[in-house]
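Hi,

Here is the structure we talked about handing over. Have a look first, and then read on for what turned up in it.

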Amino acid sequence: MKVLLVTGQLAQDIVRGYAKESSVETETVALKLAVAAFLTPQAIINELKNVKLAGFNMILVPGLVRGDTTEITKATEVPAFKGPRYSADLPTILDMLSDVELSTTVPACDLLREKLVEKALQEIQKTESQKEELLKKPGSMLVGDVAVGVAFPMRVLAEIVDAAFMDKDTVQQTAKRFVNVGADIIDVGMVAGESQPEKARQIVQWVKQVVDVPVSIDTLDPAEIKAAIEAGAELVLSGDAGNIEEIAAYAKNVAVVIIPTNQRQGYFPKKAQDRVKYIEEIIAKAKQLGVNRCIADLIVEPTDILESFIAFKEFAARNPHVPMFVGVSNVTELFDADSIGLNAILARLSSEVGGSILLATEKSTKAKGTVAEEVSAAKMMFLAKKRASVPKDLGIDLLFLKDKRTHEEPYDKTLEASANVVVAVDSEESATSLDAAGVFKIAIDRTDGNLVAAHYRSSDVTKPLNIVKGKTAANVYNKILALGLVSMLDHAAYLGKELAKAEVALETGKEYVQDAELFKKKEG
């Protein structure tokens, strides 16, 4: 296999460098245009007339080239396809040519990504399709119709924290949002120290009206537990030494998460060995009382995470037949760091100790997005364990704010030799005049996932004249331009900046405040 790599003048050295990392024989031709993204199929055809194509099995053009490469194939009689958008992905694409059917219209990196994701999801689906057989293995059980156990991917239980304080619409919207991002179980969080059985019953009913996944009740109060089970809850969080005798009578047909505490006496053993021994005693008692589907939660204590995971590991070694519930959000909610990395490493630890269910909460602002993050993390760790690999190159990842490979082309400072170089600094000029076409307030509608630009008269910002909504900054500002709602260049530049900020905030979960910095610079 010999491949001709087509690129522009500026990227030729980078392309040649990355091509050398592959075992596939390649040759790079740099066409006259400086930037590869400006190339078109016809321009490539014209340039290739002067290139000897004998001996080449394939032509790869930059993924950013517009149009269909079928034209190039017809003109050159050499199969031509779109390569990756970025030269950094060339080695991977070249080494997988036998596994990926390239496209004449879709960049190769997109095809590869889709193929890897498809393969990953197929592996997971294969396991799910073997549910009946895998449920026969020790340590597996059903929670509703969801199979739980080490043979399956870790399930994500998404808690609606303080659901007792919410109205019906908020509860149902939250439940649907969590299920839409992949939650396997919805948990109704009640208020500690209060007993509101009718409220518990009502909220469980509300949730079951709108989602088709198991529902759990998060309380130690026996009356609330009883009411929730009567309303259809399939899982109880939690049973302990203080309430197990009382709840056993009506919890025999549901799964119960057991914790190593006696909340009525304020007792919780800190040492791993003591925790394991105590929870084993409670589980044994629960089973004597007829509660047979017990799930162990050794409790992830945010002030002693290591000791907590030691307890999980020791319990799993002694009780491989009991699934485990890991409250990873106990850490995420109380840790001033971005949740995405925390959830990834906590899911890995949970997988290593044999966890079966992960707790996901989004109570604090910094924990927003945790449910989706844990869903992805659970799939990653299942695939890594199944493949006996590290959680890397799985087809599913949690790379969000940083990139796996460098796609950025380095700046060539030699360009400055023949150019007028202007250094831009913070402007000290006075504020510009208002645009006669009007002014804008930018906001985010997180419920519908829209960027919103409210357009007002320059003299009256109490009532908008127009509201332009869209999913991306480009959608919104193109519509603003089409409607003629901006007439000054500096105002247009300002709108582009603010809408781009809002789009990043919408995608990342950062809060957006117009005219404020999105990412604050860290000291030191």
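A pocket here is an open set of points on a 1 Å grid over the protein atoms alone, with protein on both sides within 12 Å along at least five of seven lines, while a cavity is a set of points where a 1.4 Å probe fits but cannot get out; lining residues have an atom within 4 Å of a point. Volumes are the space filled by probe spheres set on the points, with grid points joined across faces, edges and corners.

Before the findings, some ground rules. This is a predicted model, in which local features need pLDDT of at least 70 and side-chain atom pairs count only at pLDDT 80 or more, while totals for chains, interfaces and linings use all residues. Numbering starts from 1 along each chain as its sequence is written, and side-chain values use heavy atoms, leaving out hydrogens and water.

**The second largest pocket**

This pocket holds about 880 Å³ of space. Its lining counts 31 residues, and Glu159, Ala192, Asp218, Thr219 and Leu220 lie nearest the centre. Strand S10 (235-239) and helix H13 (329-332) each give at least two residues to the lining; helices (H or I, at least four residues) and strands (E, at least two) are DSSP runs, numbered from the N terminus. The lining splits into 11 nonpolar, 10 polar and 10 charged residues, where Asp, Glu, Lys and Arg count as charged, Ala, Val, Leu, Ile, Met, Phe, Trp, Tyr, Cys and Pro as nonpolar, and the others, Gly among them, as polar.

**The cavity**

Among the residues lining the largest cavity are Phe152, Met154, Met381 and Lys385. Helix H15 (residues 370-387) provides the largest share of that lining, 4 residues.

**Strand S1**

In S1 (residues 2-7), 6 of 6 residues are buried, meaning under 20% relative accessible area with a 1.4 Å probe and protein chains only. Side chains in a regular strand alternate between the two faces of the sheet. Here Lys2, Leu4 and Val6 on one side, and Val3, Leu5 and Thr7 on the other, are all buried. S1 runs parallel to S2 (residues 25-30), joined by 6 bridges; strands pair if DSSP finds at least two bridges between them. Leu4 stands opposite Glu27 of S2. S1 also pairs in the parallel sense with S3 (residues 58-61) over 3 bridges, with Met58 as the partner of Val3.

Cheers

Conventions. Buried < 20%, exposed > 50% of the residue type's maximum accessible area, 1.4 Å probe, protein only.
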